[in-house]
Amino acid sequence: NPYLLDEYGYLIYSISPNPSIEDYFTALKDVTEKDIVTLHGYLRIIPDTICDKFTIFNGHPGLITKYEVLKGKDPQKRAFDLGLKQTGSVIHHVTSELDGGTIVASRNVSIHEMSLEDVYDTLHKNSVRLWKQFLKETLE
């Protein structure tokens with residue numbers, strides 16, 4: 001059974017790293033139209049067949065509203081390597097385009113003169129705060 005029920009009553013489960021369409025539908029079989037699916041660290045492109053059937057949101061630790069170069073894997077390192085003074089986190093609808101869905105929430109944060117480790121830590125904390133705010137507003 002891949003499902004866990006957290007203390008808030010939300011179902012939590014994981015999908016294999018290289019899922020087939022059938023794997024997605026099996027994992028999401030109990031998801032209804034009123035439910036949302038959230039992705040956390042899921043580094044895969046999800047097929048249109050799945051994106052069109054479910055309401056899916058992804059968190060991304062890069063301010064892609066301002067810096068398109070931060071789309072994709074490891075935006076924290078790219079922001080650091082580019083010497084950005086500010087970046088942030090976004091939550092967006094999931095489409096089959098890499099980090100291409102409509103952005104529904106964002107939160108900026110300063111990373112000026114931080115070490116790479118601090119950038120990762122700061123963006124993680126920023127993302128958690130953004131998720132908490134987004135879920136509170138969405139689920140009320």
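Which residues does Ile-46 touch, not counting residues up to four places away in sequence? I found Tyr-24, Leu-39, Cys-51, Val-94, Thr-95 and Ser-96. Touching, or contact, here means heavy atoms within 4.5 Å.

A note on what I'm looking at: this is a predicted model, where local features need pLDDT of at least 70, side-chain atom pairs count only at pLDDT 80 or more, and totals for chains, interfaces and linings use all residues. Residues are numbered from 1 along each chain as its sequence is written, and side-chain values use heavy atoms, with hydrogens and water left out.

Entry: the core. I looked up where Ile-46 belongs, and it is part of the largest nonpolar core, 12 residues in all, including Tyr-24, Leu-39, Cys-51 and Val-94. A nonpolar core is a set of buried Ala, Val, Leu, Ile, Met, Phe, Trp, Tyr and Cys residues joined through side-chain atoms within 4.5 Å. Buried means under 20% relative accessible area, with a 1.4 Å probe and protein chains only. β3 and α2 (48-51) are the elements that give two or more residues to this core. Apart from it I noted another core of 10 residues, among them Leu-63, Val-90, Val-109 and Ile-111. Across the protein chain, 34% of the 140 residues count as buried.

Entry: the sheet. I traced an open sheet of four strands in the order β3-β4-β5-β6, with mixed pairing. Strands here are DSSP E runs of at least two residues, helices are H or I runs of at least four, and both are numbered from the N terminus. Two strands pair if DSSP finds at least two bridges between them. β3 (37-39) and β6 (103-110) are at the edges with a single partner strand each, so one side of each has no neighbour in the sheet. From one strand to the next the twist averages 15°. β3 and β4 (residues 56-60) run parallel and are joined by three bridges. I also checked Leu-39, whose bridge partner in β4 is Asn-58.

Entry: the helix on the sheet. α4 (residues 116-139) lies across β3, β4, β5 (86-93) and β6, at about 145° to β6. Axes are lines fitted to C-alpha atoms, for helices over the stretch in contact, and angles run from 0 to 180 degrees between N-to-C directions.

Entry: the whole chain. I counted four helices and six strands. From the N terminus they run β-β-α-β-α-β-α-β-β-α. Along its principal axes the C-alpha trace spans about 45 × 30 × 25 Å.

Technical notes
Buried means under 20% relative accessible area, exposed over 50%, partly exposed in between (1.4 Å probe, protein chains only).
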